[in-house]
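Please consider the structure shown below, with attention to the loops that join its secondary-structure elements.

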Amino acid sequence: MQRNEGGNAIVSVPLTGTSFPKLHECVTALSSADPQMRATAAEALLDFPVTETRQGDRGVPWAYALIDAGAIVPLLGLVQAVKRDGAEGLKPCDCPGNTEPVLRAGDFALLVLTELAEVAAALLADEGWDVRYDEEVNRPVFLDEQSGLQQSSPPLLRVANGDWITLVLVEVITLLQPLDVHSGTGMPRWPVSVLRHIPVSIQRTSTISVLDIAIEEGEAGECTRVLIRGPWAGSNGEVEGEMDPTDIPGSALHSWHDATIVAALIPHLSARTWSPVNPPRVLIIGLRCGAVPAFLCRHLPGVRVDVVEPDEEIVKIARDLFNLNFDEVRWSNLDECSRSAQLSRPSYEGRFRVWIGISEWQFLNLLPENCNFIGILGNMPDNIEHGAQRMHEFQALALRTINNERGLGFVALAARSGTKLQETAAALSCAWNRSFARTLILCDIKQRKAFQNKGSTIPLKKNMKQILPKFGSFKWESLNFNGAPTSGGVCICLPSLGADKHKSTPLDMFHPSLWYAALEKFIQDSESAGMATSARFPFTLESSSLNLSLPLDETLPALSNGRVLHVSFCMSSRFPGNHVRAESLTAQTTASASEDETIRETFRNNTCSKTTNLHFEGSIDDVLTSKFWEAILGNELPCNAHSTAEPSYRTCSSSFSHCSRYRTDIEEHGYIWGDVVIPESETKHLAKGIHRLVRAGWPPVCVFVSDLAWSVADRLWSYAEAILGADKGVVLEPSLAAFKLEPLQDLSGKRYVGNNFGQPHRDYTHEEVFGSETSQASTGPKIISIWLPLVDITLENGCMYVVPRAGDGSGGCGEDEVEIPSFDMKTVRALAPAKAGTLFAWAGNTVHWGASCAKQDEKTPRISLAFVFRNKNTVCDLQGKPLTREEFQEGLTMERRLELIRHSLSCFEHWYGDMSQTITKIGKFEQGHCTKY
């Protein structure tokens, strides 16, 4: 295939004048073999009429039509095909490549993109945003005219409402100006560089593009290389594959989908002992950017990998632009005997084999039965029609391919659409019901949904009874997978035979510690068998949880039925044999980059996000003074560090009557929904103080430098003594906490200091809470958590959820080593609506979690404080000194308050990220890590 001056693949489009009957023909002509035709097509786009518009109208419908047709990437390619001098204001260079047709095509493409940017600017203006240019960096900035807020990234518009076309339209504004000039070549460095674009053709139903997307906050020249099928959906849109072009191929996985596919393989590798003469073999459908096969060959070289890729252009892209090295086998060059002989032999160790010139469907149909693949990985073939006869044929071929009679075979196929994912899972579940006990959907934990019944359930229940599908049918099976996010995920079919059919649960296979144990076993067994192994495995399964689908009411089952699992991953550069499992629900999400230069960032697009250290002004001596904090918090929150007088109402009779009820509630139900115990005037001051702290760059927990925060803690301490028993002595754990949810951060899935713990968990084990010789029914807890909202709480702004004792039969007894607790979702209680200052408490082993605030509305996002109180004769936090009532009443110095704050930050470091700089700024502190929260 020929390529134009920009490196793009070109197609032959006949010159039939300057008119194009259809928009997609005009867009395809942008990649014509004739540079004059490319220029003509770009010019035609300026006045191309779309539905319900006249020729020359360049409004929103015109802009949306061009983006939906996939015009952005070829237009950028034409602009970038012109060689420009970065030192001369992007003036075209005088060189042979800059012919008159090339310059004309580039000029018209730039005009089209400029018109699109004008449409975007009008949409921004409608929502109060002004586009300006920063002359220092020569880049556009976006100014909120109402607040004066200025930002370099395109704002999220209300009109977009998640629509990718609007997001791309706004991003066009940032694509027209280079970021800088390449120091070596003098050529401009574009925010999005088009390396290759292949248009649709008779053989190809969707475009293929390879782009370098610059990381503006990274080092000069740092970028992510992506492979895209179909129209470009923006810098944060879905991609077929991605990698850091400076990385060694296979050194890391940058996609959640790729990581999940590899993670699904691990438990099956440990199911038996392999040998060099009988190694495990996997078949990957679709080469894409080659991330998965290259990763397996580099980090699990004992696994032999075959890939089937029908598109030869993808194979060329993998070699040329993703730097892959593999063995290539052209199907048409082999006769039947040669094919059978090659397929019966595994690929070479540490090197994968790609079969080209044949579709995935034909390959599976012609595959000999003696290949013994243990798994089929990759993407669901696009030409499979779900629910149709072709789907059932595919299932039969896949079942034969993975040799399931040995109980080892499995399928892990990614789908980018939630509908496609759900249909695939339902179809596989129906077809393989006798051979497979479980068909699961794995989703990114950031895409988790919670189903809530708003309003009366009577009409809904009546309607559900009318449409209730037949048991075992396709529609019935589809109900098991409700909750799959629209962004898609990975469908996995897990084998089970005979008596083992119901022996294990999905969490057994994707429980983080058990998953890592399987990886460790495979590597150790491979070493013993003389198979090649890798010294390091760069990621680990961080957490897994069932879909948090809430029932419509007590008569209806939870919608996902345990078949939708949410998983997340984090970096790990340690040898599996040296891995130590974190006791908290989620593992620390960052690792030192110096441990392995090839593992700088295992996942991008927030699959594994890094927490940036906060930057503060001032010295440690300043931080130790009350005046420093009072200047931030305001006059309402003095920080005098004086002794705390005993409240006059500490032992009043009214409090005792309430506490008697609270004691009964926590013993019978495991939690307390109390009365308003802190007045609104005080909760408002504390909430306002936390706002000011965050705005000044300090963590929310720094509110504990104030006298009012400790006055509130003193009053809550009285309730804790009444509930736990004052005669036993009650201490306050040093792991204080303060939360302030940020909707935009929650929506993007980023972690930040003061964010939410959104996974069901127990703070402490059953034995820690009740002792080893007592039962939960015969005694009250020895440890309780008290949670105090500082703003009114609703279902939308980040409420807490608890599991009552009735829905938690074991109470965690026997689950001491299980990170994901088991409970009845039908009994979950939302602690909302509630007024600010309401007392909430639960036993240390009660399952609970917090909801995020994923939208900005008139309700203030949740701001709250949290405390852990326990009887002094129980085991305390070994990393920090607990606070006694006597010490508290003598007065807490500023040094002691800051010590408690530093300890709190270290306790939650596994969730917030590296807090070392923040802790250092607050004062001297010996680093330590808390194992409970």
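**Loop residues and backbone geometry**

In this predicted model, Ser-32 is placed in the loop that runs between α1 (23–29) and α2 (35–46). Its relative accessibility is 1%, so Ser-32 counts as buried, given that the term applies under 20% relative accessible area. The side chain of Ser-32 also reaches the backbone nitrogen of Asp-34, at 3.1 Å.

The next sites concern the backbone itself. Most residues other than glycine have a negative phi, and most peptide bonds are trans.

Arg-288 belongs to the loop between β12 (281–285) and α8 (291–299). Phi of Arg-288 is near 50°, a positive value in a residue other than glycine. With a relative accessible area of 7%, Arg-288 is buried.

A positive phi is also found at Asn-323, where the angle is near 60° and the residue is again not glycine. Asn-323 lies in the loop that links α9 (312–320) and β14 (327–330). Is Asn-323 buried or partly exposed? Its relative accessibility is 42%, and Asn-323 therefore counts as partly exposed, the class between the 20% limit for buried and the 50% limit for exposed.

The remaining site involves a peptide bond. From Ala-832 to Pro-833 this bond is cis, with omega near 0°. Pro-833 is located in the loop between β27 (829–830) and β28 (838–843).

Key. Residues numbered from 1 in each chain as written. Predicted model: local features only at pLDDT ≥ 70, side-chain atom pairs only at ≥ 80, totals over all residues. Heavy atoms only, no water. Helix = DSSP H or I, 4+ residues; strand = E, 2+ residues; numbered from the N terminus. Buried < 20%, exposed > 50% of the residue type's maximum accessible area, 1.4 Å probe, protein only. Polar contact = N/O pair within 3.5 Å; in protein donor to acceptor, adjacent residues only side chain to side chain.
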